[in-house]
Amino acid sequence: MNPVHLETLLAIVEEGSFEDAAAVLGITPSAVSQRIKALEHNTGRVLLHRATPVTATEAGEILVQSARRMALVQAETDARLQTRLSRVPLTVAVNSDSLATWFKEVVRDVATRGEVALRIRIEDEARTLAMLRRGDVLGAITREHTPVSGCESTYLGTMRYFAVAAPWLAEGFDSWETLPLVGYGPNDQILDDAMRERFIDSHVIRARVSQVPSSEGYLDAVRYGLGWGLIAELQARPLLDNGELVLLDDKPMDVELYWQRWRLESEVLEELTQSVVAASSVLRGQ
């Protein structure tokens, strides 16, 4: 497999178009197209969906994973040989609640080391695994303990969530379906599970649901009384202790988290894994 062709395939998928990939690679769009045609001819497969943005087909995703592995190894080699000043790029998928709480220590650790460029993709922990399967990321925080093919899985601990609201909003609370709700977005699996446990009909309350797609913004919205919400204990505990928030019931939701990463001989990926495991000790009560 021609490594230049794989590099070109990866650039197209990352940039979303032949033209942008050409700009990144410093070649013409025609040269990019010729490389991909040659790669598709050699593999006997269509590798890209020619849409906007351009995405990989199922066969293309397999080659994209290989291209990312090659890019990581090459970047580490270049960094060791000091042939260029660029940092080793590590792309990971993290759920917003983790990023707003315990994962900050991972960012701090990476910053202290200094040699790694960290690229974080935010996604619901129930959906991050798809990004790992596609080869979009090298590691992911996920709810799934079964390793993706070619990856290894490490238990991190449990994030506990509480249904909470501002005291004045919760006063006289008697029905979930009359209480306004704050959602994170359309793909909030944890909130969906919480509503199902409480037999809340999403269609009935649809008109009273606000959406705030930011972990910190979501917390503030609940604290200000825009609606009730499901808040991670790491965020909610100080506000429960000082009375800014109150519990609406005694049904906490526990979500087990795992770190899945490619099974790859990589010093920087191993160091990142160590940082993730150490930072997540707060989830294990250590």
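Here are some questions and answers about this predicted model.

Q: What do the residue numbers and the computed values rest on?
A: Local features need pLDDT of at least 70 and side-chain atom pairs count only at pLDDT 80 or more, while totals for chains, interfaces and linings use all residues. Side-chain values use heavy atoms, with hydrogens and water left out, and residues are numbered along each chain as its sequence is written, from 1.

Q: Which element supplies the largest share of the lining of the largest cavity?
A: A cavity here is a set of points on a 1 Å grid over the protein atoms alone where a 1.4 Å probe fits but cannot get out, and lining residues have an atom within 4 Å of a point. The search of the whole structure turns up 1 cavity of 30 Å³ or more, and the largest cavity holds about 40 Å³ of space. Both α6 (104-113) and α13 (267-279) give at least two residues to its lining. The largest share, 4 residues, comes from α13.

Q: How many residues of that lining are charged?
A: Asp, Glu, Lys and Arg count as charged. The lining includes Arg-113, Glu-115 and Glu-271. Alongside 5 nonpolar residues and 1 polar one, the charged count is 3.

Q: Why is the pair of Trp-102 and Phe-103 called edge-to-face?
A: The search of the whole structure finds 4 aromatic pairs. Rings of Phe, Tyr and Trp (its six-membered ring) pair if their centres lie within 6.5 Å, and planes under 30 degrees apart count as stacked, over 60 as edge-to-face and the rest as tilted. For Trp-102 and Phe-103 the centres are 5.6 Å apart, and the pair is edge-to-face because the planes are at 70 degrees.

Q: Is Phe-173 buried or partly exposed?
A: Buried means under 20% relative accessible area, exposed over 50%, and partly exposed in between (1.4 Å probe, protein chains only). Phe-173 belongs to one aromatic cluster with Trp-176 and Trp-228. Trp-176 is buried at 15%, whereas Phe-173, at 27% relative accessibility, is partly exposed.

Q: What is the relative accessible area of Phe-199?
A: Phe-199 isn't a glycine, yet its phi is positive, at about 55 degrees. Phe-199 lies in the loop between α9 (189-197) and α10 (202-205). Phe-199 counts as exposed, with a relative accessible area of 73%.

Terms used: 1 Å grid on protein atoms, 1.4 Å probe; cavity = no way out; pocket = protein on both sides within 12 Å on 5 of 7 lines; lining within 4 Å. Points joined across faces, edges and corners; volume = space filled by probe spheres on them.
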